[in-house]
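Q: Can you walk me through this one? I'd like to start with how contacts are counted, then go chain by chain.

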Amino acid sequence: MHNHSQHCGAMRQLIVIWGLLLVLTGVTVGISRLDLGALNIWAALGIATGKASLVILFFMHLKEEGRAIGISLLVALATLATFIGLTFFDVLYR
Amino acid sequence: MGKVIQMGEYFRRGFLEPSGKQPALFDWIFSTDHKRIGLLYLYSICTFFAVGATIGLLIRLELIAPGRTIVGPQIYNALFTLHGVIMIFLFIIPGVPAAFGNFLLPLQIGARDVAFPRLNLLSWWLYIFGAIMALSALFGGGGAPDTGWTFYLPFAGETTTNVSLAVFGVFVLGFSSILTGLNFITTIHRMRAPGMTWSRLPLFIWSLYATAWVQVLATPILAITLVLILSERVLGLGLFDAARGGDPLMYQHLFWIYSHPAVYIMVLPPMGVVSEIIPVFARRPIFGYWFVAASSIAIAAAGSLVWGHHMFVSGMSDTAVLVFSLLTFIVAIPSAVKVFNWVATLYGGSIRLDAPMLFALTFVLLFSIGGLTGLILGSAATNVHVHDTHFVVGHFHYTMFGGGGFAFFAALHYWFPKFFGRMYNNRRATWAWGTMVIGFNLLYFSMMVVGMHGMPRRYYDYLPQFTHLNQIATIGSWILALGMALMAVNLLIALRRGQHVGANPWEAATLEWTVASPPPPENFEELPQVSHGPYDLKRAGEA
Amino acid sequence: MNPSAQHQDAEGARLGMWLFLFSELLMFGGLFVVFAVYLQRYPAQFADAGRQLSLFFGTGNTVLLLTSSLTVALAFEALRQNRQRLCQGLLGFTILAAGLFLVNKGLEWHAKFQHDLYPGSQTLRQAPAGQELFFGLYYLTTGLHGLHVIFGGVILSWVLVQVRQGRIIATRPTMLENGALYWHLVDVIWIFIFPLYYLLL
């Protein structure tokens, strides 16, 4: 199915992703030392989401999976977001 | 398929035939056959149901007169807690999906088993361990839990009764439920027979599919909620203690984020059962297949958005009350879609009123009453009036028992001949049904009325003006119990002496009726090639 | 799909694993709901409490987990290429990293306890409301995550044994694949724990 060079390419790709993840870790630590007010938490969450996406897409091979798993993942995340979001209708306006 | 039926003599006992290699009990409790696991669930669920019903009868007996009748307040608290825990976590959540779902899912989609047979067996074992733990909380050191099945913090963190053990038991039960859910989703995605497209899936399978998603995505929230209770009790983290800066309402949010979707775990599969039975006994294909299928998904989705309606008087923000009240009304739409489609299916049909159909039609009536009273509770203004009264208890039992319970009995009568290859006495079944319907309505309608008059729930005592209605309710509970006993006896007799039936006694069109009754161990000699829909009753008759 | 394939359906096994991971995600999600609400209510106190966590241990453990996530992904790739020794080595490294992570976690918790920072401690009882909540959630979340690290380590050790015995091979990689998926999830959850607890200002 795959030839040897493709396999080496796969390993190289994983290592590049790892490098990116380390860089992003550095960036998120760096940004957290700046005072951006409310933006700090959103930047931290944004970068974390980016890192998680890299892990999920490449390390966990989501890119190679069929649509079912990708859609299910979105459903799961949307469910969690809904749970948090609707709870805030209470806590923000109490 | 014809071949399998002709070999009926050989397969007379089908999967029920003992292997002869080990003690018969081991044949069952270590079996990875989905049919045997389904029956294991069925037997254990019915046993726990009997225990839960007995406790329910005791509760009603205590309430037959004001003041202390048979038990004091502490034991009364334990009784309604145990009744709730048993009925919710041991009966109605696993009821239809784990017992009937396990048995029928592979048969209805044309597969030999579920995707993960060993995981399936593990689910049952976890269920039994969880059940034993939850029930042994009754007898352990601190006394039976007295928190109600909702385990509200901070009280559940402070009471000296055996809450920890019960909570851990429920945690294990939740794990079992998640594993069943992921098993079913994978099975439905991966193991449909050739030609079994999504538009040919029986509606029971659609309802199981929607339920399985709720099980996978909502049950983990219950797990973490229970972990939080345990951490309060064991480590005293104080996360929900207002004195230490915590917010007790956050517990209620977490609890209902699971427990509201959970009522759809309890009621979606019953709706699927009814969607199977009504077309067969009205001799008409289901009206609006896609609407019924999609409404299952819609109920599962919308049902995850409405948990706040359990908290209208808790001190939650008014904005949230408004939002959750609105969303609650939205969830009524897909439920109503189902009811209207069932009624439209009946229209112009040649209806046979055998026992399964009687139970299924009763489901439609009782669930509609339960659903409409749910709207009274869902609109914030009226909710304030009847919150925490017996009206809520009555409404809940109309949906869960009138809905879930009666559909469970409908399923039992519909698939009994398939499970055991024998038929019960339909006359006795009808008598049992009639007795139950009378008892049920006496019991729970009186509860709703007495709730409207202001009788609070969860009190062992009440004001004298509520006596009359409470007596009617208690008498209703005896009639209901009598009906259920008659039903149980009828089915137990049939198990031994019922007449043998062929593969398809109801002339239904779904795949489970194409194999012998009881089905052979591997279900299908050859995997079926599906060429028609699940309610194509004419073509099923020809084949 | 032919009948014999039904019992060893690799794609089905992966789907089942992903569904299990979703439920894990939602379970931690419950804790994130609580965290989000309390962060909104006590932003300053959470920041004060967060500053008392060790950035050194936090960042170190992040790097450790990211690296172990890489090595387990490489191990799977090595198995695909039939490079058994490499696969075993990479798995061994991953398990080692899991152990190191736990050692770090232990040291970190130990230091916190020595500084009297645990729920119910004298210091936190007197601290402004909110700090105790932060530490309660911190111990619960990292503790639960730590349990997952332990499970992950056990699973991967079992996988390593199976690879050594030749039961997991290039044509039958499902166990390694699913074990790796589980380990990646442990990593993904940490990716969110790290900024939320260690990097609050």
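A: Two residues are in contact if their C-beta atoms, placed from the backbone, lie within 7 Å. Keep in mind that this is a predicted model.

Q: OK. On that basis, what share of contacts in chain C between residues at least 6 apart in sequence join residues at least 24 apart?
A: The share is 75%.

Q: Which elements does chain C have, helices or strands?
A: Chain C has eight helices and zero strands. Read from the N terminus, the order is α-α-α-α-α-α-α-α.

Q: What box do the C-alpha atoms of chain C fill?
A: Roughly 65 × 35 × 25 Å, taken along the principal axes.

Q: And how much of chain C is buried?
A: Of the 201 residues in chain C, 51% are buried.

Q: Where is C:Asn82 found?
A: In the loop between helix 4 (55-80) and helix 5 (84-114) of chain C.

Q: Is C:Asn82 buried or exposed?
A: C:Asn82 has 12 other C-beta atoms within 10 Å, so the residue is exposed. The cut-off for exposed is 12 or fewer.

Q: Next, the contact between chains A and C. How many residues come from each chain?
A: Chain A gives 32 residues and chain C gives 31 residues.

Q: Which elements of chain A give two or more residues to that side?
A: Helix 1 (4-32), helix 2 (39-59) and helix 3 (67-91) of chain A. Helix 1 of chain A gives the most, with twelve residues.

Q: What's the make-up of the side of chain A that touches chain C, by class?
A: That side of chain A has 22 nonpolar, eight polar and two charged residues.

Q: And the contact of chain A with chain B, how many residues there?
A: Eleven residues from chain A and twelve residues from chain B. On the chain A side, six are nonpolar, three polar and two charged.

Q: How is chain A divided into domains?
A: Chain A has domain 1 (1-60) and domain 2 (66-94). The C-alpha centres of these two domains of chain A lie 23 Å apart.

Q: On to chain B. At what angle do helix 10 and helix 11 of chain B pack?
A: Helix 10 (residues 289-302) and helix 11 (residues 318-346) of chain B pack at about 155°, and their axes are 9 Å apart. Angles over 145 degrees count as roughly antiparallel, and helix 10 and helix 11 of chain B are therefore roughly antiparallel to each other.

Q: Is the crossing of helix 10 and helix 11 of chain B left-handed or right-handed?
A: The crossing of those two helices of chain B is left-handed.

Q: Which residues make the contact?
A: From helix 10 of chain B, they are B:Phe291, B:Val292, B:Ser295, B:Ala298, B:Ile299 and B:Ala302. Helix 11 of chain B brings B:Ile330, B:Val331, B:Pro334, B:Ser335, B:Val337, B:Lys338 and B:Asn341. By class, the residues of this contact between helix 10 and helix 11 of chain B are nine nonpolar, three polar and one charged.

Q: What about the loop between helix 9 and helix 10 of chain B, which residue stands out there?
A: B:Arg283 is found in that loop, and its phi is near 55°, a positive value in a residue other than glycine. B:Arg283 has 15 other C-beta atoms within 10 Å, so the residue is partly exposed.

Q: And B:Phe255, where is its place?
A: B:Phe255 is in helix 9 (residues 248-282) of chain B. With 23 other C-beta atoms within 10 Å, B:Phe255 is buried, the cut-off being 20 or more.

Q: What is B:Phe255 in contact with, leaving aside neighbours within four places in sequence?
A: B:Thr150 and B:Thr225.

Q: Last topic: where are cis peptide bonds in chain B?
A: One joins B:Leu153 and B:Pro154, with omega about 0°. B:Pro154 is in the loop between helix 5 (117-136) and helix 6 (155-158) of chain B. The peptide bond from B:Ser517 to B:Pro518 is also cis, with omega near -10°, and B:Pro518 is in the loop between strand 2 (499-500) and helix 17 (537-542) of chain B.

Note on methods:
Residues numbered from 1 in each chain as written. Chains lettered and ligands numbered in written order. Predicted model: local features only at pLDDT ≥ 70, side-chain atom pairs only at ≥ 80, totals over all residues. Helix = DSSP H or I, 4+ residues; strand = E, 2+ residues; numbered from the N terminus. Nonpolar A, V, L, I, M, F, W, Y, C, P; charged D, E, K, R; others polar. Domains from an automatic or database assignment. Axes fitted to C-alpha atoms, helices over the stretch in contact; angles between N-to-C directions. Parallel < 35°, antiparallel > 145°, perpendicular 65-115°, else oblique. Left-handed = near helix turned anticlockwise from the far one by under 90°.
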